[in-house]
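The tour below goes from one selection to the next.

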Amino acid sequence: MQEPAAAERKLMTLTIPDDVPMADICGAGDELLRLVQDAVAARITVRGNVVEAEGDPTEVQQVTALLGDMVAMVRRGEAPDAAYVRRTLDLTRSADCAPADLRDDVLLTYRGRAIRPKTAGQKRYVDAIRANTVTFGMGPAGTGKTYLAMAMALAALQDRAVKRIILTRPIVEAGESLGFLPGTLFEKVDPYIRPLYDALYDMSDNLRTNQLIEDGTIEIAPLAFMRGRTLNDSFVILDEAQNATPEQLKMFLTRLGFGSKMVVTGDATQTDLPRGASGFAQVRSILEGVDGIAFCDFGGKDVVRHSLVAAIVEAYERAAEGKERP
């Protein structure tokens, strides 16, 4: 990258604490440091445990913020990797956020792990949930739509911004019939709701979560159970919304009560409805532009699972674009 003029240059020095191995910050063979150096308009020099960044003032500040985050990660027992460095650099550029925003945690889990946006798309999503009453998260699997929504819900409950959390999803089988399931009603629907439980228990300890579920502070139920209700003072998440019909989605959205937030997540390309149109696929054309409603799109760059998942998503996106061309 082209270096800035001398008058525009800035020098910042960061001393890595003695309890943080420099190998974890620089990466194997200085891989992580080279990634940063290649991406910014700044010269990075390492002497012992002292890192100097000189160049464009904004990018120098971004480098020091990134290194500060990496130090915090190592102290938490986590290992920064190349994917983390790329995502963080993309976040500072694409999301137009200040370096301090990289440390704006959504939630601190019971294990002490900070949940925060990892991509520009995730940052926009979190900001949209904070600023709007209803937010739609639209995009492929692995982009953190449901996970971040759950973190925002738990944070709102901890801050007493809401009195309860309601988690719901349509009960639709994913392409294959499971047949008759024995047990009570909740035992029958448990396999469909399980992904919501997984995210919940990952963030909150089992005992506390079970207590919140038992006393109704956290409710997990099929979408059909929402009919006829008014949801006040609640943080409501509708997951896998691509499997909701237009009538079901309208029914759900009109449950909104005072003091509540709704987050609707889904991937319009993966509907499992046996017949009929998905309400999720057409909701944007109906509601976009309405005050208090936001739409956030995710793509392959926002996938935070295995790097191969992002490649798969991008391949399918290219195939879909090819089919749409005349």
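Which backbone oxygen does the side chain of Thr168 reach at 2.8 Å? It is the backbone oxygen of Ala221. The distance is a polar contact, meaning a pair of N or O atoms within 3.5 Å; within protein, one must be able to donate a hydrogen and the other to accept it, and residues adjacent in sequence count only if both atoms are side-chain atoms.

Before going further, note that this is a predicted model, in which local features need pLDDT of at least 70 and side-chain atom pairs count only at pLDDT 80 or more, while totals for chains, interfaces and linings use all residues. Residues are numbered from 1 along each chain as its sequence is written, and side-chain values use heavy atoms, with hydrogens and water left out.

**Stop 1: Thr168**

Thr168 sits in strand 7, residues 164-169. Helices (H or I, at least four residues) and strands (E, at least two) are DSSP runs, numbered from the N terminus. Thr168 counts as buried because its relative accessibility is 0%; buried means under 20% relative accessible area, exposed over 50%, and partly exposed in between, with a 1.4 Å probe and protein chains only. Now show what surrounds the residue. Leaving aside neighbours within four places in sequence, Thr168 is in contact (heavy atoms within 4.5 Å) with residues including Leu196, Met226, Ile237, Asp239 and Phe252.

**Stop 2: Phe235**

Select strand 9, residues 234-238, and find Phe235 in it. Is Phe235 buried or exposed? Phe235 is buried, with a relative accessible area of 2%. Once neighbours within four places in sequence are left aside, the contacts of Phe235 include Ile129, Met152, Val162, Ile165 and Lys261. Then pick Met262: 27 residues separate Phe235 and Met262 along the chain, and their C-alpha atoms are 6.0 Å apart.

**Stop 3**

Two strands pair if DSSP finds at least two bridges between them.

Strand 3 covers residues 50-55, and six bridges join it to strand 1. On that side, Thr13 stands opposite Glu52. Six bridges also join strand 3 to strand 2, where Gly55 is the bridge partner of Ala42. Strand 2 and strand 3 make a hairpin with two residues between them, and Gly48 in the turn has a positive phi of about 65°. Colour the two faces of strand 3 separately: Val51, Ala53 and Gly55 form the covered face, and Val50, Glu52 and Glu54 the uncovered one.

**Stop 3: helix 3**

Helix 3 (residues 57-75) has 19 residues and reaches 27 Å from its first C-alpha to its last, close to the expected 27 Å; the expected span is 1.5 Å times one less than the number of residues.

Which residue caps the N-terminal end of helix 3? Asp56 does, with a side-chain oxygen 3.0 Å from the backbone nitrogen of Glu59. After helix 3 comes Gly77, whose phi is positive, near 90°.

**Stop 4: Thr209**

Move to helix 8, residues 206-214, and select Thr209. Thr209 is buried at a relative accessible area of 0%. Its side chain makes a polar contact of 3.0 Å with the side chain of Ser204. A polar atom of the Thr209 side chain also lies 2.9 Å from the backbone oxygen of Asp205.

**Stop 5: two cysteines**

Finish with Cys26 and Cys296. Cys26 is buried, with a relative accessible area of 7%, and Cys296 is buried, at 8%. With a disulfide taken as a pair of cysteine sulfur atoms within 2.5 Å, the count comes to zero disulfides.
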